[in-house]
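Me: I would like to go through this model term by term. For each label, give me the value, the cut-off and the conclusion.

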Amino acid sequence: MTALLSLLLLGLLLATVAPRRLARARWPEREPVLALLVWQMLVVAVLLCCVLSLLLASAAALPAWRDVVFSGAPAGVVEAYGLAGLEGWGRLSAGVLAAGGLWTALSLAREIRSARAERDHRHAQLVRRAPELPASLLPRRRGAREPLVVLENVRPQAWSLPGPQARLVVTTGALQQLSDRELAAVLSHERGHVRARHHWLAQCSQALATGFPGVGVFSEFRDQVAVLVELAADDRAARRHGRVTTALALAELNSEVFASCPPRQLAQSPARVDRLLLGEPRLPRRARLGWTLAALAAPVAAALLAAAPGLSTLF
């Protein structure tokens, strides 16, 4: 019983207190990749608390299932969890947690299906509007796996289409307005999105936030992912082509679309340019290691709480 309550309490703290503190921190702007890891481990820990709580609650509700869960356990382990006699409370907890798990799975499946349909539609639309450049006309660069598609449009724009047949797309307006170095920085930025599978993060965070609109950790996760993946891609381009070049390319691309881009993107772009030009140093190695260990400790703590009663009987 203590393990179940401890897991629920830990999940509540991780879903309420931790996201607010992390969202107010300033260091993620300097370490976006590390910040993405921390947010992912936080969400994994919350979900793990729910899954382990569901396992213990169902074991309390159904004695037959309890025998399955603890089959092969040494003597005294089942009694250490104190689940006997809690069938009513266990059924209520298991029902609520199972409904949440089912809703999460349905939300994720719906988001994946919607994203896949949108991606296929955009791929088909792109094939109709612009054929791929012949391989003989593309620059021979090691590791450039994503085909480049040029779309006729006077507005300077560039984006990536993720998936098994990923594409990098630029408009003729971008080719005319950007220098060679700026164009290379833009393509490196978009290539970073594709190779880091940022669309997977976006889909998962959107599914959780849509399925549970009242849960702060999931809405904060979605909002932070939208910002951090852009900063991570900016850093990738800056490492290869320089911060000033990447900032200039970002400013050139957004100079023509500020009036029509979404409010969130409109607010992000100037801040991203300023961040690149300021060039704040990375966190010290010890701080990066500390945040990495803290991120990994969250799901480990959930697992240890679930196993603590059983371990106490063995030692």
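Me: Why does D235 count as buried?

Reply: This is a predicted model, and the values are computed from it. D235 has a relative accessibility of 12%. Buried means under 20%. So D235 counts as buried.

Me: What makes D235 and R275 a salt bridge?

Reply: The N to O distance between the two side chains is 2.7 Å. The cut-off is 4 Å, from a side-chain nitrogen of Lys or Arg to a carboxyl oxygen of Asp or Glu. The pair D235 and R275 therefore qualifies as a salt bridge. D235 sits in helix α9 and R275 in helix α11, so the bridge ties together parts that are 40 residues apart in sequence.

Me: Is R275 buried or exposed?

Reply: R275 is buried, at 13% relative accessibility. The limit for that label is 20%.

Me: What joins R272 to E230?

Reply: A salt bridge between their side chains, at 3.5 Å from N to O. The limit is 4 Å, so this pair also passes. R272 belongs to helix α11 and E230 to helix α9 (residues 216-241), so parts 42 residues apart in sequence are tied together. R272 is buried, with 8% relative accessibility.

Me: Which residues form a network of salt bridges?

Reply: E230, D234 and R272 are linked in one. By the 4 Å rule, the count of salt bridges comes to 6.

Me: How far apart in sequence are the parts that R282 and E31 tie together?

Reply: They are 251 residues apart. R282 lies in the loop between α11 (263-278) and α12 (285-314), while E31 lies in the loop between α1 (2-24) and α2 (32-61). Their side chains meet at 2.9 Å, N to O. That is within 4 Å, so the term salt bridge applies.

Me: Which label does R282 get, buried or exposed?

Reply: R282 has a relative accessible area of 53%. Exposed means over 50%, so R282 is exposed. E31 has a relative accessible area of 5%. That is under 20%, so E31 is buried.

Me: Why is α1 called roughly antiparallel to α12?

Reply: The two helices pack at an angle of about 165°, with their axes 8 Å apart. Angles over 145 degrees count as roughly antiparallel, so α1 and α12 get that label. The crossing of α1 past α12 is right-handed.

Me: Which residues make the contact between α1 and α12?

Reply: From α1 they are A3, S6, L7 and L10. From α12 they are A301, A302, L305, A306 and P309.

Me: Which residues does S188 contact, leaving aside its neighbours within four places in sequence?

Reply: S188 is in contact with R236, A237, R240 and H241. S188 itself is in helix α7 (residues 180-195). Its relative accessible area is 2%, under the 20% limit, so S188 is buried.

Me: Why are β1 and β2 said to stand at the edges?

Reply: The open sheet has 3 strands in the order β1-β3-β2, with mixed pairing. β1 (148-151) and β2 (158-161) each have a single partner strand, so one side of each is left without a neighbour in the sheet. The twist averages 25° from one strand to the next.

Me: In what sense do β1 and β3 pair?

Reply: β1 and strand β3 (residues 167-171) pair in the parallel sense, over 4 bridges. V150 has V170 of β3 as its bridge partner. L151 has T171 of β3.

Me: How do you know that both faces of β1 are covered?

Reply: L148 and V150 on one side are buried, and so are V149 and L151 on the other.

Me: How many helices and strands does the protein chain have?

Reply: The chain has 12 helices and 3 strands. Of its 315 residues, 41% are buried. Among contacts between residues at least 6 apart in sequence, 67% join residues at least 24 apart.

Note on methods
Residues numbered from 1 in each chain as written. Predicted model: local features only at pLDDT ≥ 70, side-chain atom pairs only at ≥ 80, totals over all residues. Heavy atoms only, no water. Pairing = 2+ DSSP bridges. Axes fitted to C-alpha atoms, helices over the stretch in contact; angles between N-to-C directions. Buried < 20%, exposed > 50% of the residue type's maximum accessible area, 1.4 Å probe, protein only. Parallel < 35°, antiparallel > 145°, perpendicular 65-115°, else oblique. Left-handed = near helix turned anticlockwise from the far one by under 90°. Contact = heavy atoms within 4.5 Å.
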